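Trainee: I would like to go through this structure step by step. Can we take it as questions and answers?

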Amino acid sequence: GIVPASRVRDEAGFAGVFMAALFYATAPTLGLTPISASCVTAGESGLLLLGLPGNGKTTCAYAAGKLGLEFHSDMVTFLEASKGRLLAHGDFWPALFRTEAAQFYPELLFFGRVLKHVTRTFLSVDKNWMGKSSPRGITPTIALCLERGMAETPRLTPLSATEFAARVSASFPFEEEERFQAQRNAVRQALEKIPAYRLAYRQDPAEAAVICKSLLRIHEG
């Protein structure tokens with residue numbers, strides 16, 4: 001294929017949209033199953049952040065980094081079921097923050113590049129600036145489904161197996177080709193075995209980040 005020079009010159013768009021989408025679509029051939037989720041880690045244990053767009057997954061992961069956790073992945077996490085173990089691999093392109101995130105973290109305006117995509121405007125931020133370590137697979141030990149603007153004070157409740165299965169299904173971006181169904185089913189079955197919670201909170205991502213750190217501590221090892 002041929003990529004126009006104008007697209008390559010748009011560094012933020014080329015890395016955060018074009019290359020991201022290309023890898024997103026071809027990852028299953030590498031044995032990786034994409035899921036629409038951010039991820040933060042403590043050591044080799046990870047917490048997956050699920051939720052509809054606008055519920056604060058990226059900003060929560062950034063806020064968790066300020067509390068000592070690692071920002072492992074942004075819009076998508078790549079899951080791999082290997083030898084009975086579930087691994088979560090982070091993405092490698094810049095993190096994309098909605099411009100509203102700057103209300104809580106104004107420094108994003110200085111370290112991010114403006115990226116306009118369709119009808120939305122984002123801030124593209126290099127993950128190296130946020131202290132992201134070298135790429136590696138970690139073990140997701142817990143999942144947290146964010147519901148922003150749904151409670152005046154943070155409210156954490158466990159998800160039943162049925163509820164979590166429905167959230168997981170909604171977080172897969174598209175139906176894989178038939179040849180990848182067995183791979184995806186193995187990932188789904190392994191993922192649905194980990195504890196999962198729903199967090200209803202107001203607006204501040206720092207509130208959600210504190211709970212992320214507490215949950216990882218409770219479920220570590």
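Mentor: We start with Tyr 62, which counts as buried at 5% relative accessibility. Buried means under 20% relative accessible area, exposed means over 50%, and partly exposed lies in between (1.4 Å probe, protein chains only). This is a predicted model, where local features need pLDDT of at least 70, side-chain atom pairs count only at pLDDT 80 or more, and totals for chains, interfaces and linings use all residues. Residues are numbered from 1 along each chain as its sequence is written, and side-chain values use heavy atoms, with hydrogens and water left out.

Trainee: Which residue forms an aromatic pair with Tyr 62 at 5.5 Å centre to centre?

Mentor: Rings of Phe, Tyr and Trp (its six-membered ring) pair if their centres lie within 6.5 Å. Planes under 30 degrees apart count as stacked, over 60 as edge-to-face, and the rest as tilted. By this rule the count comes to two aromatic pairs. One of them is edge-to-face, with 80° between the planes, and the partner of Tyr 62 is Phe 97.

Trainee: How many residues apart in sequence are the parts that Tyr 62 and Phe 97 tie together?

Mentor: Helices (H or I, at least four residues) and strands (E, at least two) are DSSP runs, numbered from the N terminus. Phe 97 is buried, with a relative accessible area of 0%. Tyr 62 lies in helix α3 and Phe 97 in strand β7 (residues 95-98), so the separation that their pair spans is 35 residues.

Trainee: Why is the pair of Tyr 62 and Tyr 105 edge-to-face?

Mentor: Tyr 105 is buried, with a relative accessible area of 9%. The ring centres of Tyr 62 and Tyr 105 are 5.1 Å apart. The pair is edge-to-face because the planes are at 80°.

Trainee: Which residues do ring pairs link into a cluster?

Mentor: Tyr 62 lies in helix α3 and Tyr 105 in the loop between β7 and α4, so this pair ties together parts 43 residues apart in sequence. Ring pairs link three residues here: Tyr 62, Phe 97 and Tyr 105.

Trainee: How many residues of helix α3 are buried?

Mentor: Helix α3 covers residues 57-65. Its buried residues include Lys 57, Cys 60 and Tyr 62.

Trainee: Why is strand β3 largely enclosed by the rest of the structure?

Mentor: Ser 45, Leu 47 and Leu 49 point one way from β3, and Gly 46, Leu 48 and Leu 50 point the other way. All are buried. Strand β3 (residues 45-50) is largely enclosed because its buried residues number six of the six.

Trainee: Which strand pairs with β3 in the parallel sense?

Mentor: Two strands pair if DSSP finds at least two bridges between them. Strand β2 (residues 38-42) runs antiparallel to β3, with five bridges joining them. There, the bridge partner of Ser 38 is Leu 49. The parallel pairing has six bridges, and the partner strand is β10 (residues 137-148).

Trainee: Which residues is Gly 137 in contact with, leaving aside its neighbours within four places in sequence?

Mentor: Gly 137 is in strand β10. At 23% relative accessibility, Gly 137 counts as partly exposed. Contact means heavy atoms within 4.5 Å. With those neighbours left aside, the residues touching Gly 137 are Glu 44, Leu 87, Ala 88 and His 89.

Trainee: How far apart are the closest N and O atoms of Glu 147 and Arg 167?

Mentor: A salt bridge is a side-chain nitrogen of Lys or Arg within 4 Å of a carboxyl oxygen of Asp or Glu. By this rule the count comes to seven salt bridges. Glu 147 is buried, with a relative accessible area of 18%, whereas Arg 167 is partly exposed at 24%. Their closest N and O atoms are separated by 2.8 Å.

Trainee: Which residues are linked in a network of salt bridges?

Mentor: Arg 198 forms a salt bridge with Glu 163, with the closest N and O atoms 3.2 Å apart. This pair links Arg 198 in strand β12 to Glu 163 in helix α5, 35 residues apart. The network consists of Glu 147, Glu 163, Arg 167 and Arg 198.
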